Amino acid sequence: MTDRNCRIGHVSRDPISEELIDNPSVAVGSGYSESKWVAEQLLKRAAERNVCNPSIVRLGQLSGGANGAWRTTEWIPSMISTSLALGCVPDGSGDATWIPVDTSAAAVLDFLDAPARVLHVQHPRPVSWTSAIQHFSAALNLPVAPYTEWFSRLESGLTFTADPASTQYLERGLRLLDFFRLPLLAEPGNPRPDIMNTLVHSMDLKHALEASATLQDPSLPGITREDVDRWIAYWRSVEYLPGN
């Protein structure tokens, strides 16, 4: 979320109030989402008092940029690292709506003159989750397994592997155990739930597409094997994943 174009005395346009959700229950349960809700409400109050004329940009899932750098504390790097210990990568339904951080930055610059006050950023033409995870499968030489099987192995915890070298990779997933459980709670009985739509909800891109030539570009690629290779190379360079 960003606050740009703050100008003292400039009257806010009504759409910012119309597009925000006042009911805090939509954010309860995660400190991350709760903090975003509070920040949006603060910007709304500032706009109502003519303190500034803000725009709110809601980001979906950012992936590594052109050099492959993807922060290792995020959940997808943690999922991939954990998969090394579990011996498989998790398959699911739906799309992988990840968008490179540099592409996202370019889109935000496009928004500077946008009339809309609330804009969303995620990949407008994503590849399927299965397609993305198959790239990881090939790159790491790991089989693809249903999400339920992957999670069951994770839930077994340290009893699943006796290999001390795998413990550090497994612990990264164990720290997010309740988070990774959410797709199964959302779609009980589905072995391949829509992982992204549960963990990072899909968003309406209408205003963003109207405002951003970057997102409109028909040549904007989805996730490719080359992207995955760059991410893995970066994670190995910072010793987050083992070397070849």
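**View 1. Buried residues of helix H7 (residues 164-174) in a predicted model**. What covers them includes H3, H6 and helix H8 (177-186). The model is predicted, with local features needing pLDDT of at least 70 and side-chain atom pairs pLDDT 80 or more, whereas totals for chains, interfaces and linings use all residues. Residues are numbered from 1 along each chain as its sequence is written, and side-chain values use heavy atoms, without hydrogens and water.

**View 2. Packing of helix H3 (residues 75-86) with helix H6 (residues 147-155)**. The two helices pack at an angle of about 75°, with their axes 10 Å apart, and are therefore roughly perpendicular to each other (65 to 115 degrees). Met-79, Thr-82, Ser-83 and Leu-86 of H3 meet Tyr-147, Trp-150, Arg-153 and Leu-154 of H6, contact meaning heavy atoms within 4.5 Å.

**View 3. The largest nonpolar core**. This core, a set of buried Ala, Val, Leu, Ile, Met, Phe, Trp, Tyr and Cys residues joined through side-chain atoms within 4.5 Å, has 39 residues, and those with the most contacts inside it are Trp-75, Trp-98, Trp-129, Phe-136, Trp-150 and Trp-235. Its largest share, 6 residues, comes from H3.

Note on methods. Axes fitted to C-alpha atoms, helices over the stretch in contact; angles between N-to-C directions. Helix = DSSP H or I, 4+ residues; strand = E, 2+ residues; numbered from the N terminus. Parallel < 35°, antiparallel > 145°, perpendicular 65-115°, else oblique. Buried < 20%, exposed > 50% of the residue type's maximum accessible area, 1.4 Å probe, protein only.
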